[in-house]
Amino acid sequence: MKGLEGRTAVVTGAASGIGRAIAERLAEEGVQIVGVDRNAEALAANSHYASVLAVDLVAPGSIARVREHIEAGSGACDILVNAAGISAFGLFDDAESSLWDDTMAINVEAVARLTRELLPLLRASNQARIINIGSTCSQFATAGLSAYVVSKHAILGMTRALASELGADGITVNCIQPGAIVTAITEPTFNENPAFRAHWENKAALGRLGQPEDVAPLAAFLASEEARFISGHGMYVDGGAMQQN
């Protein structure tokens, strides 16, 4: 990919799953990775990152800590990948559960707050990219996942709004919308519910579940110079699932 060598990317959720796959792919392209995740042990295992910061993005003061960490290093942020997120089943009217608040806090509020915090650094770049991780649930819905569905609709809306606002600064903003991807979050559900797994395997035109490594190349492209005129879009990585009935 053109224009990635020597760039600096801040990747949240970088310890595992889609975030880790994206960080590793960008690192292969010569990007300096600032890996951010709340799982300190897993994050430390990624020795190819330029630096790491173990922090819970919903904790008080955590967003400022990310910027302070960057400024204590190179001070640069050319690419921001908002990949940290949670997903769990729960009914909308379960007033006893904190699932709704927890999901909105990490999937929406943390993304907005971190993006806002790093905008001065992104504006200083001559090739700034914001890549948000949405979902097929950014445009569709699944029963029992109301909090997740709403949060991912919000991410696509945020992507479009920021693309409009930040275009004048030369910043592109796009949203990757993965389908059924096997990660630490989803694997237990696929393993414990064979019918659920079979549904998504059969729904995909390619006849299989996706892997984090299936998502990473699109992120590398969107971060590159070659994607300089692409902004404000949600792009599926779903094995052809959403175009089928």
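On a 1 Å grid over the protein atoms alone, a cavity is a set of points where a 1.4 Å probe fits but cannot get out; lining residues have an atom within 4 Å of a point. A volume is the space filled by probe spheres set on the points, which are joined across faces, edges and corners. The model is predicted: local features need pLDDT of at least 70, side-chain atom pairs count only at pLDDT 80 or more, and totals for chains, interfaces and linings use all residues. Residues are numbered from 1 along each chain as its sequence is written, and side-chain values use heavy atoms, without hydrogens or water.

**View 1. The second largest cavity has a volume of about 30 Å³.** Its lining consists of Asn82, Ala84, Asn107, Val111, Asn132, Ile133, Lys152 and Ile155. At least two lining residues each come from α4, β5 (129-133) and α5; helices (H or I, at least four residues) and strands (E, at least two) are DSSP runs numbered from the N terminus.

**View 2. The largest cavity has a volume of about 40 Å³.** Thr12, Leu57, Asn82, Ala83, Ala84, Ile106, Ala110, Val111 and Leu114 line this cavity. Helix α4 gives the largest share of the lining, 4 residues.

**View 3. The largest pocket holds about 990 Å³ of space.** A pocket is an open set of points with protein on both sides within 12 Å along at least five of seven lines. Among its 44 lining residues, Gly85, Ser87, Thr183, Ile185 and Thr186 are the closest to the centre. The largest share of the lining, 3 residues, comes from α1.
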